[in-house]
Amino acid sequence: MAILSTDALTLKFGGLTAVNGVSLAVHRGEIFSIIGPNGAGKTSLFNAVSGVYTPTSGAILIEDMNSCRRISAALIFGLMASGLLTAFGFLLIFHIAALWHAVITARFVFRQSFDWLGALEAIGHYAREQPLQTLIFPMLLGATTGTLGALSVWRGSRRSPEVCASFGLSRTFQNVRLFPQLSATENILIGMHRRLSSNFWSSLLHLPGMKRQEKTSKAKAHELLAFVELEESAERAAGSLPYGYQRRLEIARALASDPKVLLLDEPAAGMNPTESVQLMQLITRIKERGITVVLIEHDMKVVMGISDRIAVLDYGNLIAEGTPAEVRCNPLVIEAYLGTGAHSE
Amino acid sequence: MLLPRLLKPLHKRVGTLGLVLLAALLPPIAELLIPQVNFTGRLQPILIFAILGFGLNVVTGSCGLLNLGVAAFMAIGAYTYGILTVSVYPFQLGFWGGTLASLITGALAGFLLGLPTLRLRGDYLAIVTLGFGEIVQDVLRNLEGITKGSQGLNPLPHLSILGMELGSSHPKLSYLALLAFVAALALILKNLERSPVGRAWTAVRDDELAASCMGVPVVKTKLLAFAFGASLCSLAGALWASFLGSTGEPGNYDFQLSVVALCIVIVGGRGSIPGVILGAFIMVGFNSILLVELSELLGKSGFSGTQNVFASPSNWKFFVLGLALIVMMRVRPKGFLPQQTGRE
């Protein structure tokens, strides 16, 4: 069963087609690489899959399910609540000055007690006196604004990166995007954020439940740091770490959310041969944890060394897909990307 | 810079409690040294503006959203406090009821403003908050039937504890009460900084895209910062109104006030809690102590501000503030007490 698949995925920026009808299927537990020349649409594909871009057409399926927020009872309730609240808000704005006068100013005598029940009656009386259209029009306008506004917000966030993360996708970036001001541990804790309860009041008052949670999640973070061999840098600000460390920290942060699929965008970029060998070992160990890895990479040693299957993109089109041996011999791939030298390697 | 070099070891040696005690003893000591100046009264605005700075610091410093409409939230707090406590309206909740209500309306106003606008990117949000600041002033001015227009709502109850009004009769106690407010808020904010919520704020500030790819609910996180910040600004407004005994006119809560709040945060160091307090001391101290005293001194020695506008130091206020900001950005762009990041 495919854990992640795209179905005729197309992504256009104005007149430029970055990804053109690509259908891929990544199987559970494999290391799947995407290669291709610069500008072939590899990172665009990644961005579409991880929710950064909204695809122009086509679908992205995770475990054969469309990875979108579904229409739910909560949505309908939210739309109705938003419409109703805005309707009453508009009504109040329209009438506030006159209502205040009728209910408070006209009825309150300085230094005397105020009849609160009478105030409620006065509101009812005021409402009955108003021409019907001054009540209905603001409410209609408010209800439309509130419902449509909430609907458009929901549509815009149907397939946001957060939603994709909640479906079990996690990723790293081509140019490392850590939180430079946070320590290495805190970066990993952000990766876990989705699974932690972040109740405002317990955070505000440092309630015991939160302290306990912080303790266990920090222990887990240290485990992950040990997994990528960064335990000595746990308390250092991420921005002050050397480049190779930052790359590994980013992978650890992506792992922290317990993903089903890990998307790595050029993890070996800027690494020396020793470091890329270490990276290959790291990726293999990630696979051993039962996590599916999708990889964009230019370093052919890494790609050919660890991939189970490879897809090749060129000008947004999928030109080949198969095992490393198959791809290496594919004449289309040799012409577009590998060059003739790779054949004998 | 001399100041942080002096302050940091001081903080290490005496601890937070020591600093609070030191601040509590500041006015009597200062008055002993310079008996001509009423420090107890003059230092209270500093503490209130420190709370305003806290509010802006949560939004701009911690979460990275530029808010240019802080004065509007302060106005909302001040007028909520005014309407709910003034004797011409039937509510008359007293100091604590009014303050609590202003915290809630502030949070609500921040939430409602943030709901449709927090999806905007950086600069656009700043423009929206700028517009919001102007709108709130106009609304307050036009709702004359409720806000009493340029008269303002007064008299309002002063700060009181257990039924004892501290306002004008016990200025020293009222100073201590405000100091307790600031200290409690500083503690709460410190807690937040080292919690999942504060961490998410920093993550969104540092890299919004990466944060959302890690599953941090960006809009919800921002909304929380916005509402919480607005609620603190609103609290500052309520305290300000109770300190003055009046809401003042709507025009007092103008863009200049927002800029002063922004200066407090920038001078102190974005995201840093002690920085905000220091920033308030520098900005408001300069404004309400140094300039006023200087004016009086100059007046006594024969320069009169009425004859020559340049002779009055108060008229140089914004020139000096602007210059100080430019110098600041050149010399110490992270503020006097920058936020500390991971231990080296």
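The legends below describe close-up views of a predicted model.

**View 1. The side of chain A that touches chain B.**
In this predicted model, 44 residues of chain A are in contact with 34 residues of chain B. Four elements of chain A give two or more residues to this side: α2 (73–105), α5 (161–166), α6 (184–192) and α7 (200–205). The most comes from α2(A), which gives 5 residues. Sorted by class, the side of chain A that touches chain B holds 21 nonpolar, 15 polar and 8 charged residues.

**View 2. Helix α6 of chain A against helix α8 of chain B.**
Two packed helices are described by the angle between their axes and the distance between the axes. Here the axis of α6(A) and that of α8(B), residues 196–206, come within 10 Å and cross at roughly 95°. Angles of 65 to 115 degrees count as roughly perpendicular, and α6(A) and α8(B) are therefore roughly perpendicular to each other. On α6(A), the contact is made by A:Glu186, A:Leu189 and A:Ile190. On α8(B), the residues are B:Arg199, B:Ala200 and B:Ala203. The contact comprises 4 nonpolar residues, 2 charged residues and no polar ones.

**View 3. Strand β8 of chain A and its pairing partners.**
Strand β8(A) spans residues 292–296 and is mostly covered, with 5 of its 5 residues buried. A:Thr292, A:Val294 and A:Ile296 point one way from the strand, while A:Val293 and A:Leu295 point the other way; all are buried. Strand β3(A), residues 31–35, pairs with β8(A) in the parallel sense over 4 bridges. In this pairing, A:Ile31 stands opposite A:Val293 of β8(A). Strand β7(A), residues 261–265, also runs parallel to β8(A) and is joined to it by 5 bridges. A:Val261 has A:Thr292 of β8(A) as its bridge partner. Together with helix α10(A), residues 273–288, the strands β7(A) and β8(A) make a right-handed β-α-β unit.

**View 4. An open antiparallel sheet in chain A, with helix α1 packed on it.**
Strands of a sheet pair through backbone hydrogen bonds, either parallel or antiparallel. In this sheet of chain A the pairing is antiparallel, and its 4 strands follow the order β2-β1-β4-β5. At the edges are β2 (16–27) and β5 (65–66) of chain A, each of which pairs on one side only. Strand β1(A), residues 2–13, is joined to strand β4(A), residues 57–62, by 5 bridges, and the two run antiparallel. A:Leu4 has A:Ile62 of β4(A) as its bridge partner. Helix α1(A), residues 42–49, packs on the sheet and touches β1, β2 and β4 of chain A. The direction of α1(A) makes about 65° with that of β2(A).

A residue is buried if 20 or more other C-beta atoms lie within 10 Å of its own. B:Thr105 has 23 C-beta neighbours inside 10 Å and therefore counts as buried. Leaving out residues up to four places away in sequence, B:Thr105 touches B:Ile76, B:Thr80 and B:Ser234. B:Cys63 is 42 residues from B:Thr105 along the chain, and the C-alpha atoms of the two are separated by 21 Å.

How values were computed:
Residues numbered from 1 in each chain as written. Chains lettered and ligands numbered in written order. Predicted model: local features only at pLDDT ≥ 70, side-chain atom pairs only at ≥ 80, totals over all residues. Contact = placed C-beta atoms within 7 Å. Nonpolar A, V, L, I, M, F, W, Y, C, P; charged D, E, K, R; others polar. Axes fitted to C-alpha atoms, helices over the stretch in contact; angles between N-to-C directions. Parallel < 35°, antiparallel > 145°, perpendicular 65-115°, else oblique. Buried ≥ 20, exposed ≤ 12 C-beta atoms within 10 Å, placed from the backbone. Pairing = 2+ DSSP bridges. Right-handed = clockwise from strand over helix to strand, strands pointing away.
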